[in-house]
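I opened the notebook to go through this fold strand by strand. The entries below follow the order in which I looked things up.

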Amino acid sequence: MADSSTQSIIIGAAPDRVTAVICDFAAYPEWTDAVRRAEVVEEYEDGYASQVRFTIDAGVMADEYVLAYEYAEDLSRIEWHLVAPSKMQKSQRGSYDLVGNPDGSTTVTYTLEVDLSVGMLGMFRRKAEKVIMDTALKQLKRRVETPGAAH
């Protein structure tokens with residue numbers, strides 16, 4: 001059974017800028033350390049990715065998997081799940097919830113639930129999830145807030 005972990009960060013940009021970075025999957029290898037390749041394999045009619053194949057190498061964990069994405073109509077929530085078990089994961093569910101703040105910033109809440117195929121003690125798994133989430137949020141913040149970064 002997978003446990004769910006949640007973390008939030010405030011990013012100094014409007015929600016639409018944050019969403020644009022989150023949804024630009026092909027650019028993930030440019031700013032996300034663990035992602036070696038991200039390829040949109042299927043899109044919705046509106047052009048948003050419905051399925052994305054990721055190749056990751058996080059040192060202790062290398063994997064290739066496909067995530068299916070769904071979006072709230074106003075893009076305030078982006079959620080995903082693992083399409084089929086991979087070498088390292090039995091399941092993965094996650095989401096980004098974006099809330100615009102009065103000062104023009106955005107609070108991004110990242111929720112992640114991963115059930116690994118390989119055995120890992122609960123405390124190590126929770127620590128790994130925390131590091132993954134912390135790194136992902138910090139890298140997202142840096143990408144959105146860096147002037148000149150592709151948007």
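How many residues lie between β5 and β6 in their hairpin? I counted six residues between them. The model is predicted, so I kept to its limits: local features need pLDDT of at least 70, side-chain atom pairs count only at pLDDT 80 or more, and totals for chains, interfaces and linings use all residues. Residues are numbered from 1 along each chain as its sequence is written, and side-chain values use heavy atoms, with hydrogens and water left out.

**Entry 1: the sheet**

I took helices (H or I, at least four residues) and strands (E, at least two) as DSSP runs, numbered from the N terminus. Two strands pair if DSSP finds at least two bridges between them. On that basis seven strands form an open sheet, in the order β1-β7-β6-β5-β4-β3-β2. The pairing is antiparallel. I noted β1 (4–11) and β2 (35–43) as the edge strands, each pairing on one side only. From one strand to the next, the twist averages 20°. Angles here run from 0 to 180 degrees between N-to-C directions, and axes are lines fitted to C-alpha atoms, for helices over the stretch in contact.

Next I looked at what packs on the sheet. Helix α1 (residues 15–23) does, touching β1, β4 (62–71), β5, β6 and β7. Contact means heavy atoms within 4.5 Å. The direction of α1 makes about 160° with that of β6.

**Entry 2**

I went back to β5 (residues 77–82). Five bridges pair β5 with β6 in the antiparallel sense. Arg77 stands opposite Asp97 in β6.

Then I followed β6 to its other partner. Strand β7 (residues 106–116) is joined to β6 by 11 bridges, and the two run antiparallel. The β6–β7 hairpin has five residues between its strands. Gly104, in that turn, has a positive phi of about 95°.

I also checked β2 and β3, which pair antiparallel over seven bridges. Glu42 stands opposite Gln51 in β3. This hairpin has five residues between the strands, and Gly47 takes a positive phi near 95°.

**Entry 3: Tyr96**

Is Tyr96 buried or exposed? Tyr96, in strand β6 (residues 89–100), has 7% relative accessibility and so counts as buried. The cut-offs are under 20% relative accessible area for buried, over 50% for exposed and partly exposed in between (1.4 Å probe, protein chains only).

I listed the contacts of Tyr96, leaving aside neighbours within four places in sequence. Among them are Ile22, Trp80, Val108, Leu137 and Leu140. Glu79 is 17 residues from Tyr96 in sequence and 6.3 Å away in space, C-alpha to C-alpha.

Tyr96 also belongs to the largest nonpolar core, which has 38 residues. A nonpolar core is a set of buried Ala, Val, Leu, Ile, Met, Phe, Trp, Tyr and Cys residues joined through side-chain atoms within 4.5 Å. Val18, Phe54, Tyr69, Tyr96, Val108 and Leu140 touch the most other members.

**Entry 4: aromatic rings**

I paired rings of Phe, Tyr and Trp (its six-membered ring) if their centres lie within 6.5 Å; planes under 30 degrees apart count as stacked, over 60 as edge-to-face and the rest as tilted. The count comes to 13 aromatic pairs. Phe25 and Phe54 have ring centres 6.3 Å apart and planes at 80°, so this pair is edge-to-face. Phe25 lies in the loop between α1 and α2 (28–31) and Phe54 in strand β3 (residues 49–57), so the pair ties together parts that are 29 residues apart in sequence. Phe25 is buried at 1% relative accessibility, and Phe54 is buried at 4%.

Tyr69 and Tyr71 have ring centres 6.5 Å apart and planes at 20°, so I logged the pair as stacked. Tyr69 is buried too, at 5% relative accessibility. Not counting residues up to four places away in sequence, its contacts include Phe25, Tyr44, Phe54 and Trp80. One aromatic cluster includes Phe25, Phe54, Tyr69, Tyr71 and Tyr96.

**Entry 5: Gln139**

Last, I looked up Gln139 in helix α3 (residues 122–145). Gln139 is buried, with a relative accessible area of 4%. Beyond residues up to four places away in sequence, Gln139 touches Trp31, Thr32 and Asp33.
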